[in-house]
Amino acid sequence: MFSELCKLFERISSTKSRPDKIKNWKSFYSNSSSTADSFQIIRLVIPKLDKHRQSYNIKEATITRKYTDALCISRDSNEAKRLQNYKVVRRTKDLPEALESILKNRCQGSVEYSLEKINSLLDSVQSGVSSHNNNVNSLIELMVRDLPPMQQKWLCRIILKDLHLGMSDLTFLTALDVRAPAAFSICSDLKKICENLGNLSSL
């Protein structure tokens, strides 16, 4: 479930020790890969390496504007300004973190989404230029309605392809198979890597 993945992100981001980060990741993957497709998991953890899903063409300014509209916040309000000026707010790592603090008093969603459903929603944003704006609006509205603030924070980070986990993308792959980085440098296909973990010598 996406909620469990977000809890993993919280543990990894709050852990300073690199070995402990890797231990948390390997434990989660081991427990989850028996019930979820490896690619469905890994493409959400290291979205920058997922060539099957190109840029969403969604930047921080777009997320700020869409959330301001979805939450019916005046663009001149203090909350809107906090989002617009998140870079100068003390102890704020990025826009999604600033967004989470605002959502805490506004969103009480508790719908459980599978990783497959989250990936399907992200795919819908890329379904075509003509429908892109409407699809982004629909995704933000769904997030506001269904997901708790912490999960919205991590989904926004996935969209921005910057999770701030303090661990490189290739380290996540290496933890699962030491041959994965070399194999990825050859094929650049994350899905193929995921399908052949443990047997990458065949690529």
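**Stop one: charged pairs**

Select Asp50 and Arg43: the two form a salt bridge, with their closest N and O atoms 2.8 Å apart. Bear in mind that this is a predicted model. Now colour by accessibility. Asp50 counts as buried, because its relative accessibility is 2%, and Arg43 is buried too, at 6%.

Next, pick Arg75 and Asp69, another salt bridge, where the closest N and O atoms are 3.0 Å apart. Here Arg75 is partly exposed at 43% relative accessibility, and Asp69 is partly exposed at 44%.

Then jump to Asp94 and Arg157, whose side chains meet in a salt bridge at 2.7 Å, N to O. This pair ties together distant parts of the chain: Asp94 sits in the loop between helix H5 (78–84) and helix H6 (95–103), while Arg157 belongs to helix H9, 63 residues apart. Asp94 is buried at 7%, as is Arg157 at 2%. The structure holds ten salt bridges.

**Stop two: the core**

Show the largest nonpolar core, which has 63 residues; Leu5, Trp25 and Tyr67 touch the most other members. Centre on Tyr67: leaving out residues up to four places away in sequence, its contacts include Leu99, Leu103, Ile140 and Met143.

Finish at the largest pocket, with about 210 Å³ of space. Of its 13 lining residues, select Met1, Glu4, Phe28, Asn31 and Ser32, the closest to the centre. Which helix gives the largest share of the lining? H2 does, with five residues. The lining divides into four nonpolar, six polar and three charged residues.

How values were computed. Residues are numbered from 1 along each chain as its sequence is written. This is a predicted model: local features need pLDDT of at least 70, side-chain atom pairs count only at pLDDT 80 or more; totals for chains, interfaces and linings use all residues. Side-chain values use heavy atoms; hydrogens and water are left out. On a 1 Å grid over the protein atoms alone, a cavity is a set of points where a 1.4 Å probe fits but cannot get out, and a pocket is an open set with protein on both sides within 12 Å along at least five of seven lines; lining residues have an atom within 4 Å of a point. Grid points are joined across faces, edges and corners, and a volume is the space filled by probe spheres set on the points. Helices (H or I, at least four residues) and strands (E, at least two) are DSSP runs, numbered from the N terminus. Ala, Val, Leu, Ile, Met, Phe, Trp, Tyr, Cys and Pro count as nonpolar, Asp, Glu, Lys and Arg as charged, and the others, Gly among them, as polar. A nonpolar core is a set of buried Ala, Val, Leu, Ile, Met, Phe, Trp, Tyr and Cys residues joined through side-chain atoms within 4.5 Å. Buried means under 20% relative accessible area, exposed over 50%, partly exposed in between (1.4 Å probe, protein chains only). Contact means heavy atoms within 4.5 Å. A salt bridge is a side-chain nitrogen of Lys or Arg within 4 Å of a carboxyl oxygen of Asp or Glu.
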